Amino acid sequence: LSKVLELPPENLIKSISAVPVSKKRHVADFQFSIASVAEGSSSDCLAQDLNLQAQKLAKRLKCDAVVREISTGPGTVNFTINRELLAKTVLQQVLKDGSEYGVKSELFSTVPRQKAVIEFSSPNIAKKFHIGHLRSTIVGNFIANLKVALGHEVVRINYLGDWGMQFGLLGVGFQRFGDKEKLQSSPLQHLFEVYVKINKEAEDETTKKLAKDFFRKLEEHDEQTLSLWKQFRDFSIEEYIRIYKRLGVHFDEYSGESFYQEKSQEVLKLLEDKGLLQKTIEGTGIVDVSEKKDLSSFSTVMRSDGTSLYLTRQVSPSIDLAAAIDRMNKHSWDTMIYVTDKSQSNHFQHLFQILKLMGYDWAERCQHVSFGLVQGMKTRRGEVIFLEDVLNEVRSRMLQNMASAKTTKEIEDPVETAEKVGLAALIIQDFRGLLSSDYQFSWDRALQSRGDTGVFLQYTHARLHSLEQMHGNEQLTDVNVACLQEPDAISVLQHLLRYDEVLYRSSQDLQPKHIVSYLLMLSHLAAVAHKTLPVKGSAPELAQARLCLFQAARSVLANGMKLLGITPVTRM
């Protein structure tokens with residue numbers, strides 16, 4: 001192409017893509033898009049012109065030892081590769097690169113390695129860990145995994161709701177209903193119960209006054225009050241770490257609103273010095289973030305009594321501003337990503353605008369990845385209050401399904417397997433659509449073993465793994481894969497060709513759905529091939545080649561699952 005079009009090869013890399021496999025018909029391996037190199041802007045080029053240009057170009061190209069066939073499609077020139085070469089090159093690459101397959105692709109060669117700070121999960125102490133926090137946790141973990149796999153440096157931050165008037169109330173509640181032993185053994189549940197109890201008395205004048213006093217003492221760093229608050233925080237984090245471990249998630253830093261109390265006062269002073277802080281008649285502090293500076297859109301940063309305000313995230317923007325500035329000083333990141341539900345979009349828009357107004361150009365490199373709401377997630381005990389409820393529920397339902405399934409083999413640790421498979425089910429159900437869309441949660445649909453579910457991915461992985469075990473687990477070398485000519489084998493090879501493009505797409509828009517549909521298709525193709533291309537009973541050379549194909553499919557399946565935050569199981 002480079003010779004005929006007189007363009008350097010690297011200019012053509014992004015215009016050539018692997019053709020998506022179709023279940024219905026057999027397709028070429030690569031397609032070259034004419035529009036990407038056509039003269040004039042693409043909108044001027046009519047479809048028929050592009051088709052004509054494609055046909056003209058195809059006539060100037062000749063088949064050779066690599067390209068077996070050249071054809072044209074709508075605005076594309078399609079190439080079918082010599083079949084032996086396809087099998088050899090793809091399988092060698094997959095098995096050689098292992099967990100780095102797809103990541104080493106030239107698609108990423110121009111992408112600079114960067115440092116990313118990702119803030120996700122961020123539950124509030126003593127309050128419910130609602131399903132939005134679960135979404136934030138798995139989405140943030142996916143983005144972090146993907147960035148790490150692509151060679152970026154990542155700092156994972158959990159920004160806890162650990163400050164504010166509600167801690168005045170919680171402190172009073174604990175003095176009244178608290179139990180030190182329960183606080184140690186099950187802090188999340190105990191603090192939640194205490195908070196619910198004291199909340200019933202929140203309107204009572206004495207309680208109100210006591211809560212105010214408790215929070216004032218906290219702000220004044222009274223030793224006793226602070227030490228109780230610290231216990232709330234430390235015990236909660238300890239328990240969170242244990243639960244996150246079950247999810248396969250970890251954090252580099254447990255930060256929180258409490259860290260930025262003093263710094264948020266400095267930010268208010270900065271805003272004032274820069275002339276950005278305006279006072280309303282009631283004395284509230286606001287920042288004008290409108291385009292025309294007509295206050296058509298503003299952000300409230302300070303209460304009339306001069307204290308920081310607890311706004312959208314139970315937090316004042318001045319605390320978030322302080323946190324952003326502090327992270328820049330501490331980590332000097334290239335990009336900072338906040339993962340929260342879409343109801344906070346406005347808050348982050350304002351946050352980034354105020355940072356810009358303050359003269360921080362890096363505000364351009366902040367990003368809010370928002371997601372929709374999940375409806376209808378209930379456990380058998382009712383509404384979800386704790387993350388652990390969800391994990392226990394998915395595990396027990398999965399155990400039940402496994403016990404009643406005829407195909408379940410005797411496995412050493414059914415409980416752990418049930419948890420991993422169940423988590424895969426949760427994650428795939430969550431990641432199948434666009435993150436921004438709301439969806440209706442269904443246990444039955446998530447845990448189906450047939451169809452496009454996480455259970456199906458795990459089942460395929462386990463099946464391919466046991467195929468390898470059954471036929472000797474040795475490293476396959478000197479295998480003659482040229483005999484992989486069957487259409488079902490070719491489909492798997494063609495699909496493996498596309499993995500890097502799918503990773504690239506997800507790395508651009510941070511949507512996991514591209515990887516999810518890729519892995520579901522891979523599992524489907526592998527299942528078909530498993531039926532039609534037996535290893536057992538085939539001539540040794542053919543058996544080895546097929547084994548090699550299945551090993552490559554399993555390797556890519558496992559890589560993709562791990563990026564999504566799923567631990568592949570080897571038996572189920």
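The following legends describe close-up views of a predicted model.

The model is predicted, and local features need pLDDT of at least 70, side-chain atom pairs count only at pLDDT 80 or more, and totals for chains, interfaces and linings use all residues. Residues are numbered from 1 along each chain as its sequence is written, and side-chain values use heavy atoms, with hydrogens and water left out.

**View 1. Domains of the chain.** The chain is assigned domain 1 (2-81), domain 2 (116-160 + 258-371), domain 3 (162-251) and domain 4 (387-564); such bounds come from an automatic or database domain assignment. Between the C-alpha centres of domain 1 and domain 2 the separation is 46 Å.

**View 2. The open sheet β8-β9-β10.** Three strands form an open sheet in the order β8-β9-β10, with antiparallel pairing. Its edge strands, each pairing on one side only, are β8 (277-279) and β10 (298-302). From one strand to the next, the twist averages 45 degrees. Strands are DSSP runs of E with at least two residues, helices are runs of H or I with at least four, and both are numbered from the N terminus. Two strands pair if DSSP finds at least two bridges between them; β8 and strand β9 (residues 285-288) run antiparallel and are joined by 3 bridges. Within this pairing, Gln278 stands opposite Ile286 in β9.

**View 3. Helix α13 on the sheet.** Helix α13 (residues 345-357) lies across β9 and β10, and runs at about 80 degrees to β10. Axes are lines fitted to C-alpha atoms, for helices over the stretch in contact, and angles run from 0 to 180 degrees between N-to-C directions. Contact means heavy atoms within 4.5 Å.

View 4. Thr335 belongs to strand β11 (residues 335-341). Thr335 counts as buried because its relative accessibility is 10%, where buried means under 20% relative accessible area, exposed over 50% and partly exposed in between (1.4 Å probe, protein chains only). Apart from neighbours within four places in sequence, Thr335 is in contact with Gln114, Lys115, Ala116, Val117 and Arg365. A polar atom of the Thr335 side chain lies 3.5 Å from the backbone oxygen of Arg365.

**View 5. Surroundings of Ala323.** Helix α12 (residues 317-331) includes Ala323. With a relative accessibility of 3%, Ala323 counts as buried. Neighbours within four places in sequence aside, Ala323 is in contact with Tyr159 and Tyr260. Asn559 is 236 residues from Ala323 in sequence, and their C-alpha atoms are 34 Å apart in space.

Methods: A polar contact is a pair of N or O atoms within 3.5 Å; within protein, one must be able to donate a hydrogen and the other to accept it, and residues adjacent in sequence count only if both atoms are side-chain atoms.
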